[in-house]
Amino acid sequence: MRLSQYFMPILRDDPKEAEIVSHKLMLRSGMIRQEAAGSYSWLPMGFRVLKKIEQIVREEQNRAGAIEVLMPTIQPADLWRKSGRYEAYGKEMLRIKDRHDRDMLYGPTNEEMITDIFRQGAQSYKDLPRNLYHIQWKFRDEVRPRFGVMRGREFLMKDAYSFDVSREAGQHSYNKMFVSYLRTFARMGLKAVPMRAETGPIGGKDSHEFLILAETGESQVFFDRDFYDMDWNAFDIDYDDVGAVAKVVDDFTAKYAATDDKHDPAEFERLVPEARRLTGRGIEVGHIFFFGSKYSEPLGCEVQGPDGKKVPVQSGSYGIGVSRLAGGIIEASHDAAGIIWPEPVAPFKIGLLNLKAGDAETDQACNKIYKTLEAKGVEVLYDDRDERPGGKFAVMDLIGLPWQVIVGPRGLKEGIAEVKNRKSGERSNVGLDRIVERFAG
RNA sequence: CGGGGUGUAGCGCAGUCUGGUAGCGCACCUGCCUUGGGCGCAGGGGGUCGUCAGUUCGAAUCUGGCCACCCCGACCA
């Protein structure tokens, strides 16, 4: 993409409403625009990031055996009356009437609807286990939306729902999601620590929250330093291997980690030596629940077992805040100059800087690099604007693409361009003829 | 929902107390330039001052209502 033809409204000053760094940087880099309290438009840069995050989530859900569907944002109230949550959910649920005066609502979550879908589509224990998920916009009318996309009212969430014949089988479904979450966040360059959690209005018995550590997190967290030394990338396990999956869960839940509402100071001291006790702030990016038959019973979601008897299915639900992750990743990865995108979620891989746009020789060299890389499918944002270099460097640092390729008259004389890594700051000179193979080779 | 605050150009702000129909920086536009890490030069465009009503010869400025947004607390992906 040529920057001269793109839509990326950059701001030099911090908008005053933004308090935390991710919100500031998202607004400044032209990723999002606020439309109302807690509701945002995703501009091209932000949209690209959102889609990358979404795709990683999707791939890891699929890998763990979950099946993608898509349910509507607007739901009929009747299902929620059956589960009892139409009243219980309170004011956070946005209630709407259609033209026939029927009660509708903008879905804050989908347990009822998916349970009803599954009830209609599965009759036998042979139809289990299954895990259905979708990635869809949710609306929760938060009392106080804040921190940009970190606590919006309208937000993109991946929510998965598992269905099993028994509690034991359900545990494996839960464990698979647990492991898939570790994988998902690791792929985005995040260490999301699983912590024992409250179940909240979703209900249920077993629940873990996944939190990334960041100063601006909304939750106080207490955890074992050992989490830092764990191998966060060693989850190439067979999801069908019940024991192996359970072992990873056991390893990660054996160590102490809790948010303030579940924190037990006595346990903390008993289990964790003083030198390893850490406390900090965390951002919740995922939350998984096992709630058994809480929804299947009121909604009549039963299957016939081998013995011919009907049993209510055992379920769990598994959420990832996709739009929140965009902010969360920035909180975890930035410096004074701007964002530092982990490569897998970066809106473009390379920023190509033409330091003297308008100069025939420089233009030609840049064009060649740009076109060749594009043809090879490498995502390049080419700053071809006729601007002074200082501003270009600042913009590139702000938007945080992993690599910068800098082409100017000085380097051209020697037939080289400068390649800079945004994260490490390392620069090296690369021959013009080797740039393409460096990134597409 | 309780407490506090703000609304003036795309963004950040001044002007409001002491009424006289708007100003600064950045961004933007035009031209020039010797264009290598947000300070090259010169010229220029842009605002029903959140909204409705009131007071007044006259309101961004005074009064009242409404709306929106932000911050601090209790809830949540």
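First, the ground rules. This is a predicted model, where local features need pLDDT of at least 70, side-chain atom pairs count only at pLDDT 80 or more, and totals for chains, interfaces and linings use all residues. Residues are numbered from 1 along each chain as its sequence is written, chains are lettered from A and ligands numbered from 1 in the order in which they are written, and side-chain values use heavy atoms, with hydrogens and water left out.

Salt bridges, then. I mean a side-chain nitrogen of Lys or Arg within 4 Å of a carboxyl oxygen of Asp or Glu. How many salt bridges does a search of the whole structure find? The count is 39.

Take Arg2 and Asp384. Their closest N and O atoms are 3.3 Å apart. This pair links distant parts of the chain, 382 residues apart. Arg2 sits in the segment before helix H1 (21-28). Asp384 lies in the loop between strand E20 (380-383) and helix H11 (389-399). Helices (H or I, at least four residues) and strands (E, at least two) are DSSP runs, numbered from the N terminus.

Is Arg2 buried or exposed? Arg2 counts as buried because its relative accessibility is 19%, and buried means under 20% relative accessible area, exposed over 50%, partly exposed in between, with a 1.4 Å probe and protein chains only. Asp384 is buried too, at 15%.

Next pair: Arg48 and Glu379, at 3.2 Å from N to O. They are 331 residues apart. Arg48 belongs to helix H2 (residues 44-63). Glu379 is in the loop between helix H10 (360-375) and E20. Arg48 is partly exposed, at 25%. Glu379 is partly exposed as well, at 30%.

One more pair. Lys392 and Asp383 form a salt bridge at 3.6 Å, and both are buried. There is also a network: shared partners join Glu59, Glu60, Arg63, Arg183, Arg187 and Asp236.

On to the cores. A nonpolar core is a set of buried Ala, Val, Leu, Ile, Met, Phe, Trp, Tyr and Cys residues joined through side-chain atoms within 4.5 Å. In soluble globular proteins, nonpolar side chains tend to be buried together. Here the largest core has 79 residues. Among those with the most contacts inside it are Met31, Phe185, Trp341 and Leu381. Helix H6 (residues 167-187) gives this core its largest share, seven residues. A second, separate core has 23 residues, including Tyr86 and Tyr161.

Look at Leu381. Leaving aside neighbours within four places in sequence, its contacts (heavy atoms within 4.5 Å) include Met1, Leu3, Met45, Phe348 and Met396.

Last, the spaces. On a 1 Å grid over the protein atoms alone, a cavity is a set of points where a 1.4 Å probe fits but cannot get out. Lining residues have an atom within 4 Å of a point. A volume is the space filled by probe spheres set on the points, which are joined across faces, edges and corners.

How many cavities of 30 Å³ or more are there? The count comes to one. The largest cavity has a volume of about 50 Å³. Its lining includes Tyr40, Trp42, Trp137, Glu154 and Ser323. Strand E2 (39-42) and strand E8 (154-164) each give two or more residues to that lining.

Key:
1 Å grid on protein atoms, 1.4 Å probe; cavity = no way out; pocket = protein on both sides within 12 Å on 5 of 7 lines; lining within 4 Å.
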